[in-house]
Amino acid sequence: MSPASKHASVTLLGGEDDFLLRERAFELLGELKPTEVDATEWRGGELQDLATPSLFGEPRALLITDAKGLPKDAMGELADYLAAPDPDAPLVICAQVGDRAKVPAALDKLVKPVGHVVEVKLARKDLEPWLMQRAKRDGLDVTPPAMHALVETLGEEPGQLVAALRQLGSAFTGQRITPLIVAQQFRGLGEQKVWDLCDRAFAKDLPGAIRSLRSIEEGRDDPLMVLGGIASRLRDLMKVRALPDRMPPAELARAAGLRFDWQARRYQQQARNFSMGQLVALHERLVDADRAMKSGASGDVVMPTLVAAIAAP
């Protein structure tokens, strides 16, 4: 087998958005149905299964998610496997990193000699064109102003926006989606733009969280509304943290009262950044922040301190 074929079998994907990482991974895998393992649930032997020929000759593939959480033993197994990877068994490794951060150096060093290291990102200026292409592909007629209104209303989370497009497609089959329809469908959900702040803060991306908070402050949103959004996310994370760590996303979403499987996966990753005791302590800080602002303290002072407490490494 040629070196090019070997290289095509191993790919390390790095980026800040879990939805985009998974989507790119499954694009690479095509029709293959991979064995999927979360790095934090590594038990050993996963790569041995990939390297062992199947008794029935079916193609094999392995998808490793949340690769920043790979334990030391797993890194050793990965190094052994990558010394001679199977060219016919694709291995895709997803490493979710913070804004402007790179994939872990140890993973980069292992993969580069035998595979591809790919940055997966979607710039803000490309978000609406990307969504327009998806809408067209799915047979949904959305006007550019309506797409802009959707992003302004719901924020810049790709997975959330794709789910919103599906919702619009189901609710308005065959109709042209206008800004008015977007406003009608998502009226009252403007606070969801706070989700970006929560995603960054609870993912421990302190610089990104502060930038997101400043953007919200420039929009003159009510600090108490922003605090309410953070409190809602914190309560969801506490529910997720209390559930079994290995619970499948669909089951987790139902048990925690979440709307989407991708949301359950993301919240599970964020909850792992905290012990239950730390989440309880943050809840107490939220109560103190709420009391302070209702007593006259400035949100410009209270909110950065709170966000920093959540997002600090």
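Two strands are taken to pair if DSSP finds at least two bridges between them; helices (H or I, at least four residues) and strands (E, at least two) are DSSP runs, numbered from the N terminus. The structure is a predicted model, in which local features need pLDDT of at least 70 and side-chain atom pairs count only at pLDDT 80 or more, while totals for chains, interfaces and linings use all residues. Residues are numbered from 1 along each chain as its sequence is written, and side-chain values use heavy atoms, with hydrogens and water left out.

Strand β1 (residues 10-15) is joined by 4 bridges to strand β5 (residues 116-119), and the two run parallel. In this pairing G14 is opposite E119 of β5. β1 also pairs with strand β4 (residues 91-96), in the parallel sense and over 6 bridges; L12 has I93 of β4 as its bridge partner.

Of the 6 residues of β1, 6 are buried, so the strand is largely enclosed by the rest of the structure. Buried denotes under 20% relative accessible area (1.4 Å probe, protein chains only). In a regular strand the side chains alternate between the two faces of the sheet. In β1, V10, L12 and G14 point one way, and T11, L13 and G15 the other way.

Helix α12 (residues 223-241) packs against helix α14 (residues 261-271) at an angle of about 85°, with the axes 9 Å apart. Axes are lines fitted to C-alpha atoms, for helices over the stretch in contact, and angles run from 0 to 180 degrees between N-to-C directions. The contact (heavy atoms within 4.5 Å) involves R233, D236, L237, V240 and R241 of α12 and Y267, Q268, Q270 and A271 of α14.

Conventions. Buried < 20%, exposed > 50% of the residue type's maximum accessible area, 1.4 Å probe, protein only.
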